[in-house]
Amino acid sequence: MGITQQVVWRIADGQVGELADLGDPGKDRGTTQKTAENWVAAFRKGAGGKVTAEFYDEGSYRQTVVLYLHGTGQIKEIYILPATVDGKGVFRVRMDEPDPARATAVAPWVPKKPGELGSTMIR
């Protein structure tokens, strides 16, 4: 949950570089940076208000998190992954959406409202 909060806060604060720092260290930094720029541009206003996060999957391999940005009505799906940074086990975010349209697309399986699939909700 902690990294999900950091993602939302960094988007809301417009902290592109700091958001990119949460990306998977094994991925291309340019793609991660462009994805962070897209997320801040698209979701900054909504991330600054009420956000509901729903958690899917078991977190030891990957966890899907769906963010509902209530003020703007936007939905953002992110993936949290375990990673190793400086020899320590940490969680990072898959950030591979350098195309703005892809960064804002909502997968067909994602519920339009929180709680529709019986997920765990944190408000």
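**View 1. Tryptophan 39 and its contacts.** Leaving aside its neighbours within four places in sequence, tryptophan 39 is in contact with Val7, Ile11, Leu19, Arg44, Lys76, Ile78, Val93, Arg94, Met95, Glu97 and Ala103. Contact here means heavy atoms within 4.5 Å. The model is predicted: local features need pLDDT of at least 70, side-chain atom pairs count only at pLDDT 80 or more, and totals for chains, interfaces and linings use all residues. Residues are numbered from 1 along each chain as its sequence is written, and side-chain values use heavy atoms, with hydrogens and water left out.

**View 2. The nonpolar cores.** The largest nonpolar core has 25 residues. Val7, Leu19, Trp39, Leu67, Ile78 and Val93 have the most contacts inside it. Two or more residues come from each of H1, helix H2 (16-20), H3, strand E1 (51-56), strand E2 (63-69) and E3. A second, separate core has six residues, among them Val66, Tyr68, Ile75 and Val110. A nonpolar core is a set of buried Ala, Val, Leu, Ile, Met, Phe, Trp, Tyr and Cys residues joined through side-chain atoms within 4.5 Å. Buried means under 20% relative accessible area, exposed over 50%, and partly exposed in between (1.4 Å probe, protein chains only). Helices (H or I, at least four residues) and strands (E, at least two) are DSSP runs, numbered from the N terminus. In soluble globular proteins, nonpolar side chains tend to be buried together.

**View 3. Helix H1 against helix H3.** H1 (residues 2-12) and H3 (residues 29-47) pack at an angle of about 95°, and their axes are 7 Å apart. H1 is therefore roughly perpendicular to H3. Angles under 35 degrees count as roughly parallel, over 145 as roughly antiparallel, 65 to 115 as roughly perpendicular and the rest as oblique. Axes are lines fitted to C-alpha atoms, for helices over the stretch in contact, and angles run from 0 to 180 degrees between N-to-C directions. On the H1 side, the contact is made by Val7, Val8, Arg10, Ile11 and Ala12. On the H3 side, Trp39, Val40, Phe43, Arg44 and Ala47 take part.

**View 4. The buried residues of H1.** Ile3, Thr4, Val7, Val8, Arg10, Ile11 and Ala12 are the buried residues of H1. Their cover includes H2, H3, E1, E2, E3 and strand E4 (88-93). Threonine 4 has a relative accessible area of 5%. Not counting residues up to four places away in sequence, threonine 4 touches Ala53, Phe55, Val65, Leu67 and Ile80. Just after H1, glycine 14 takes a positive phi of about 70°.

**View 5. Isoleucine 80 in strand E3.** Isoleucine 80 is found in E3 (residues 74-85). It is buried, at 6% relative accessible area. Valine 93 is 13 residues away along the chain, yet the two C-alpha atoms are separated by 4.7 Å. Beyond four places in sequence, the contacts of isoleucine 80 are Ile3, Thr4, Arg62, Gln63, Val65, Phe91, Arg92 and Val93.

**View 6. An aromatic pair.** The count comes to one aromatic pair. Rings of Phe, Tyr and Trp (its six-membered ring) pair if their centres lie within 6.5 Å; planes under 30 degrees apart count as stacked, over 60 as edge-to-face and the rest as tilted. The rings of tyrosine 56 and tryptophan 109 have centres 5.1 Å apart and planes at 90°, so this pair is edge-to-face. Tyrosine 56 lies in E1 and tryptophan 109 in the loop between helix H4 (100-104) and strand E5 (120-122), so the pair ties together parts 53 residues apart in sequence. Tyrosine 56 is buried at 12% relative accessible area, whereas tryptophan 109 is partly exposed at 37%.
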